[in-house]
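Reader: Hello! I'm new to this structure, and I'd like a close look at one part, the place where the chains meet. Could you walk me through it?

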There are 2 protein chains.
Amino acid sequence: MPVETIRWKGELEGCAELIDQTRLPEELVYVRCETPEDMWEAIKMLRVRGAPAIGIAAAMGLVLGVKDSDATDFDAFVQELREVKDYLATSRPTAVNLFWALDRMERTARENSGLGVPELKERLLEEALRILEEDRETCRRIGRNGAELLKDGNTVLTHCNAGGLATADYGTALAVLFAAAERGMQVGAYADETRPLLQGARLTTWELKQAGIPVTLICDNMAAQVMKEGRIDAVVVGADRIAGNGDVANKVGTYGVSVLAAHHGIPFYVAAPVSTFDLSLACGEEIPIEERDPEEVTRWGGRTTAPDGVDVYTPAFDVTPAANVTAIITEKGVIEHPNAQKVRAHVRGEQ
Amino acid sequence: MPVETIRWKGELEGCAELIDQTRLPEELVYVRCETPEDMWEAIKMLRVRGAPAIGIAAAMGLVLGVKDSDATDFDAFVQELREVKDYLATSRPTAVNLFWALDRMERTARENSGLGVPELKERLLEEALRILEEDRETCRRIGRNGAELLKDGNTVLTHCNAGGLATADYGTALAVLFAAAERGMQVGAYADETRPLLQGARLTTWELKQAGIPVTLICDNMAAQVMKEGRIDAVVVGADRIAGNGDVANKVGTYGVSVLAAHHGIPFYVAAPVSTFDLSLACGEEIPIEERDPEEVTRWGGRTTAPDGVDVYTPAFDVTPAANVTAIITEKGVIEHPNAQKVRAHVRGEQ
C-alpha cells in the first residue's frame, strides 16, 4: 500500500488525520483535523486534494461537526448537520465527490431518523469509514480495469496527481500503473509537473518512486515534445467531475494534453470512480470551474516570480470534451468513446 | 525605448554591461563583463538570453577577449581571436545568432588583415556596435511588418520572452505588439509563464507593463483553455534558429502551443531577424537541442519541488514544423506558409 492519505484516529471522540500534501516531498507529516474548520482549511489549502480524497475528507469533516452536538432530537440534529454540510461544501467547488459524499452522509442520517442522536453519530462515523473502505476497493478495481488497456513496456504520461494521495491509498490514474506493475508488467511514466502547485513534481513522482515504477519529470510545456519523440504510449489522468455526456473536468492543463494526444495519435484515458459522474449536468460547460489565488502563480518559495500587480488568470480546472477521451475507466469497467447514452448505461449499471 | 539590454561602456578599453535578467523582475541591475569568461558565464547562466541579444553579447565577448592581445601580426592575432571564438561558441548550442555573430566578427578581422593590430581591435569593436545598432533597426522593421498582421482589439498569446530583453532593446515577437501600440491600436497579450525559468512571468509581463500594454499571466498548461475560451486572436513567438525549410527551434513549449493554435484555428506567427535562419540545415531535426540542468526544474527559490534523485528530462528548446507556422515575420517582410523555396528566396533577397 503506497500511502495512507487520510484516516480516522480512535472512536467517535477521535479525530481525522491526513498527510499534509503541501509539505511533500520534503517531509511526510500528518496533520490532525479536530473540527470542521480544520477540515475546511485542509481542503481549501490543498493539504488534502484529489476528488476521491476530498470526498472522504468531507465525510469525516461532517462527523467532526456533529459528534459533539447537544441536539436531543432528530430534527435539531439534522439541522446542525445541514449547516456543517453547507459550510464544508464551500471549500472547493469543482470536485463532485465532495458533494456526493456530503449528500450520502445526509441521506444516511435521514435513513436512520428513528435512532437516538448518540447512535446516529456512531452511524455517521461508520458511513464515513465505509466511504473510505469503498474507495480502497474502488481504486483497486479501477487499476485492474485500466491495466487491461496497457501493454508490457508501455510508458504513460500523467498530469497532476491522481495517485494514492488523491484517494484513500491507491489512486485512480496511478492505480492503472500500480496494477500493471503488480501483474509483473514493465511500465513507466512521465509526470507533468503541473503548475502552479506542482502536484505532479511533488506528489506523483514521489508515489511512483516509492512504488518502484520508473518516472521522469517534465515541465508541462514539454509534454508535446515528449509525445513527438515517441516516448508516450498512452495518457492516463484522473477527473474531478464528469458530465452526463462524458466531458471531463480535471486539473487545468488536462484539456491541452488531450488535444496534444489526439494530434499525436496517442490514446487518452480518464480513470475515475463512478461517484465522479454528475448526471445532473448535460455537458462540461455546466461544470463550475474554481479560480485560485493569483499568488499561487506569482510567488514560489518566498520569491516573487512576476511583477507586482500583474494580472493573472488561474483556473484550477479545465474541461476535456468527451470527443478527446479514448475511454473512461471506472470500477465497473471501461466506457470507450464516451457519450451520453453510454455514460448513463454505465452509471446505472445497465452495461 | 523599453529597455537597454546590453551596451558597451567607454572606448576600446571599456567593457560590456548587461541587465542581469535572472534578477528580474525583483531588481533591475546591470552586471559588468570585463573578460570573455564573464560573458560566457552571463550567456550560460541566462543573465543575457534571447537569440539576437546572445549574438550581440558574443560579439562583445570576442572584443573583450582580444582587446588586450599582445599579438603584433595578423596571423597571431586571428589565432587568438579564433580561440576566444571557439570558447564563446560553447556557451549555448541552439541559438544560431551566436554563431552568426561570431562568424561575422571573424570575417571582419579577415577582411581587414591589412590593418595593424591596434586598428583591427578598433574595427572589431565598431563591428560589435554595428551588430547592436542593426538589431535595433531590424527589430523595429519586424515590429512594423508584424503589426500589419494584427487588427485593432486583438489579443496575442506569446511564449517565453522575445521582447526587448531578448534583443538590443525592442524585441521580435513583442516588437509586433510595441509597433501596433505605437500606431494607436488597442492590443493586449497573454504571457505563458514559461517553465522552468519563467521568462514569460518574469520578463515578458514586466516589459509589456512598462510599455502600457495590457498583459495577463498564465501558466503554460492554461494556454489551451485560454484559446478554447476565445481569448486569443493570434500567437506570436520568437525563434532561436530556423532551418532551411521553415522549421522553427524556439523555447520548449512553443511546439505544443503551435499544435494548440492549429487545433483552435488561431494563426501562429514567428517573428525573428533573417540572421536566425540557418540555411545549412535542411530541416528542424538537424537543429541541436540544448538540455539544461535538472535542478532548474526541481529547485525554486531555495525549495526542492521534487524528490531527491528523480529523473528529469529538460530540453531547453523544441522544434515547430513549418506546417504549423502561419507566417514568419522578418525585417524584410513576411513569409506566409513557409517552405524551403520561400525561405531561400526571402533570405537571399529575391522576394
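**Where chain A meets chain B**

Author: Happy to! Across the interface of chain A and chain B there are four salt bridges, a salt bridge being a side-chain nitrogen of Lys or Arg within 4 Å of a carboxyl oxygen of Asp or Glu. Before going on, please note that this is a predicted model, where local features need pLDDT of at least 70, side-chain atom pairs count only at pLDDT 80 or more, and totals for chains, interfaces and linings use all residues. Residues are numbered from 1 along each chain as its sequence is written, chains are lettered from A in the order in which they are written, and side-chain values use heavy atoms, with hydrogens and water left out.

A salt bridge joins the side chains of A:Arg195 and B:Glu193, at 2.6 Å from N to O. Side chains of opposite charge can pair when their charged atoms come close.

On the side of chain A that touches chain B, the elements giving two or more residues include α7 (199-210), α9 (254-263) and β14 (311-312) of chain A; helices (H or I, at least four residues) and strands (E, at least two) are DSSP runs, numbered from the N terminus. Strands pair if DSSP finds at least two bridges between them. Here A:Val312 has B:Leu217 in β6(B) as its bridge partner.

Now for the whole interface. Chain A brings 59 residues to the contact and chain B brings 59 residues, where contact means heavy atoms within 4.5 Å. The area buried between the two chains is about 4600 Å², with carbon and sulfur atoms giving 62% of that; buried area is the accessible area (1.4 Å probe) that two parts lose on being put together, summed over both. In chain A, the residues that lose the most area to chain B are A:Asn221, A:Arg303 and A:Tyr313, together 16% of what that side buries.
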